[in-house]
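Dear colleague,

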Amino acid sequence: MGYRCIQCGFNIKTLYLQYSPGNIRLMKCENCKAVADEYIECEITIIIIDLILHKPKAYRHLLYNVINQETLKFQGLLWKLAAIFLLFDAYRYLILESSKGKSSSSMSYSSLVSTCCKMMMDVFVGNFMFLLTFFFMVKIFLHISLGVSRCNGILLGLLISCYFKIFLIAMMVWEFPSSVMFIIELFCLSSNAVALKVMTESSMSRCVWTCFSAYAIKFFFIQAHELVLLWKFMQGWSQMPFTLSLK
């Protein structure tokens, strides 16, 4: 991925010319004739605000002009972001379990093992189904050809656009209702859709449906798996021999 104009997404060779330390001239886009990347001279807080407001030009600045495959150790960054993403997802599961009244201090060993297995299923298998559905929709619904480099770029954009999960850290300090988790997931979905639109140049409605389908499949898969486990537990409980001794 080369540098892009944040206004129109056109490829450009360089973002600015540096004459001396602290003395630069921003380059203009050959396509739209606007300044290619005005965020270079902006404070980081302005960029963060525009990202929260879901402005496509802020996403282009971050995904193309800041995080660039040609200038960064791309694979290392991808693995680090994937690990952080999975850790946040595991913490989200633990928060939901604690909101159901399950305290880790009063859990038996079998209950702890069961909770760990469910968490692994939620985090790893659930996200595998999420990514499988996501890339399937990108290929079929958005008609995007997926090579290794393109898949890595889209995956990196997907992980970065889940930055709203960082608000889970606040739940370590303050108590929030479990409905806050749903709001965070909605923000992640909308942010994923904007990032996908920027990276594929597809319509916003198609990108929203692509991301929504992936989240829906992940949710239903996890819920279906929990229902199957519950059904097997009830069957095993009903088949246990009961003896009633009368004295």
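Which residues does I154 touch, not counting residues up to four places away in sequence? With contact meaning heavy atoms within 4.5 Å, I154 touches F134, F135, V138, L146, L196, M199 and T200.

Before the details, some conventions. This is a predicted model, in which local features need pLDDT of at least 70 and side-chain atom pairs count only at pLDDT 80 or more, while totals for chains, interfaces and linings use all residues. Residues are numbered from 1 along each chain as its sequence is written, and side-chain values use heavy atoms, with hydrogens and water left out.

I154 is also among the residues with the most contacts inside the largest nonpolar core, together with Y59, F134, V138, L168 and L196. That core has 46 residues; a nonpolar core is a set of buried Ala, Val, Leu, Ile, Met, Phe, Trp, Tyr and Cys residues joined through side-chain atoms within 4.5 Å. At least two residues of this core come from each of α1 (44-52), α2 (56-66), α3 (74-99), α4 (109-140), α5, α6 (179-200) and α7. Helix α6 gives the most, with 11 residues. Helices (H or I, at least four residues) and strands (E, at least two) are DSSP runs, numbered from the N terminus.

Helix α5 (residues 148-160) reaches 18 Å from its first C-alpha to its last, close to the 18 Å expected for its 13 residues at 1.5 Å a residue; the expected span is 1.5 Å times one less than the number of residues. Its buried residues are N152, G153, I154, L155, L156, G157, L158, L159 and I160, where buried means under 20% relative accessible area, exposed over 50% and partly exposed in between (1.4 Å probe, protein chains only).

In helix α7 (residues 204-238) lies K218, which counts as buried because its relative accessibility is 9%. The K218 side chain makes polar contacts with the side chains of D89 (3.0 Å) and N127 (3.1 Å). A polar contact is a pair of N or O atoms within 3.5 Å; within protein, one must be able to donate a hydrogen and the other to accept it, and residues adjacent in sequence count only if both atoms are side-chain atoms.

Strands β3 (residues 16-20) and β4 (residues 23-26) pair in the antiparallel sense over four bridges; pairing requires that DSSP finds at least two bridges between two strands. These strands form a hairpin with two residues between them, and G22 in the turn has a positive phi of about 85°.

Yours sincerely
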